[in-house]
Amino acid sequence: MAKLKVGFIGVGGIAAVHLKNLASNEDADITAVCDIVEANAKRVAEEHSAAAYTEADNMLENEELDVIFLCVPPFAHGDLEEKIVARGIHLMVEKPVGLSMEEARTKQGVIQQAGVICATGYCLRYLDTVQKAKAYLADKEIAMVRGHYISTFVETPWYRTMSKSGGQLVEQATHIADLIRYLGGDIDKVYANMALKVSNDIENIDIPDVTSVSFTFENGAVGHLDCSFTQTDHRMGVELLGKDFRVVIDGTSLTILEKDNVVTTNSEVDFYEEQDKAFIEAIVTGNTDKILSDYTNGLKTLEFTLAANESQANGNVISIT
Ligand SMILES: NC(=O)c1ccc[n+]([C@@H]2O[C@H](COP(=O)([O-])OP(=O)(O)OC[C@H]3O[C@@H](n4cnc5c(N)ncnc54)[C@H](O)[C@@H]3O)[C@@H](O)[C@H]2O)c1
């Protein structure tokens, strides 16, 4: 079978990870790349013997692509998804899938109608340790979930602006929000407190540097997620608690604690590589079982985090079911 012709829109930080994975995937050929910064498009195109574009429309018009990796910042999606799937091109969309539920729902409808395969970049689901946690929890009743994403500030210019990134919860801690949903279940109600407390010295910043979210699950469990970029190191994780057990994802490792029994497992996989392999394999075989986050899932995780932003804005508990 001929290799899949893969295109990229946006060739910044995360695209470099996907490009590396696709360069070593025998079913994929990096055919064309597009970035509004011409020098970056040309540099990446040269590295992969691909065609360079600065406008997505031109790339779509001139290339017969099978797959596109959409790796632009959250505010820059525009109607790219609609244009891509209208041509029957399969799509990997980086998280978060947008900044507006209305727009994301419209895209969801168009993607479903086009019948293409679409994955969203919730890469932590592909950790072997997360899969072990999921299997362990299958017959357990979870009572409480605690999540955190505590890190340093991201220098990227658009990250600091609420209207461009959605803030740390929507943009980064979304990975933990997604794991909370994946392992704990769907969210029911959300209440949040956020503040820009100690990072006012950062030029043009208007996103909170501390965020605290309380929520309940449809299954009746309760939970909490906090995030901050005030620190000099990076910590992220989720704890799920039930009667006489605790499942702890700390970074990429897993610890399961029961009475007189504690087992820690370290991950042995590159979760980004697993994610990209599963996506390309799904297109080759037509079997999407190994895709762990489709567009609808990305939309639901966006809904959870945007509900927290809404709660912060109006002081209310937000119902999302
Ligand atoms: N899954 C993960 O672990 C992970 C990690 C990092 C970033 N991301 C996500 O990936 C997305 C991009 O983040 P990044 O860190 O790569 O950002 P970045 O700023 O490093 O790169 C984005 C690139 O997109 C280009 N761009 C912007 N608008 C464009 C357009 N209309 N057409 C073509 N190119 C355009 C920019 O010039 C830039 O080169 C974000 O949504 C982010 O949350 C995911």
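Colleague: Which hand is the crossing where α1 passes α10, left-handed or right-handed?

Modeller: Right-handed. That term is used when the near helix is turned clockwise from the far one by less than a right angle; anticlockwise is left-handed. Bear in mind that this is a predicted model: local features need pLDDT of at least 70, side-chain atom pairs count only at pLDDT 80 or more, and totals for chains, interfaces and linings use all residues. Residues are numbered from 1 along each chain as its sequence is written, and side-chain values use heavy atoms, with hydrogens and water left out.

Colleague: At what angle do the axes of α1 and α10 cross?

Modeller: Roughly 60°, and the axes come within 9 Å. Axes are lines fitted to C-alpha atoms, for helices over the stretch in contact, and angles run from 0 to 180 degrees between N-to-C directions. Helices are DSSP runs (H or I, at least four residues), numbered from the N terminus.

Colleague: Which residues meet there?

Modeller: From α1, Ile14, Val17, His18, Asn21 and Leu22. They meet Tyr272, Glu273, Gln275, Asp276 and Ile280 of α10. Contact means heavy atoms within 4.5 Å. By class, that contact has five nonpolar, three polar and two charged residues. Ala, Val, Leu, Ile, Met, Phe, Trp, Tyr, Cys and Pro count as nonpolar, Asp, Glu, Lys and Arg as charged, and the others, Gly among them, as polar.

Colleague: Which residues are closest to its centre?

Modeller: Ile14, Cys71, Val72, Pro73 and Trp158, out of 40 lining residues. The lining has 25 nonpolar, ten polar and five charged residues. α1 gives the largest share, three residues.

Colleague: Why does the largest pocket lie between the domains?

Modeller: Because domain 1 (4-122 + 273-293) and domain 2 (124-269 + 301-319) both give residues to its lining. Those bounds come from an automatic or database domain assignment.

Colleague: How far apart are the C-alpha centres of the two domains?

Modeller: 26 Å. In the interface, 21 residues of domain 1 are in contact with 20 residues of domain 2.

Note on methods. On a 1 Å grid over the protein atoms alone, a cavity is a set of points where a 1.4 Å probe fits but cannot get out, and a pocket is an open set with protein on both sides within 12 Å along at least five of seven lines; lining residues have an atom within 4 Å of a point. Helices (H or I, at least four residues) and strands (E, at least two) are DSSP runs, numbered from the N terminus.
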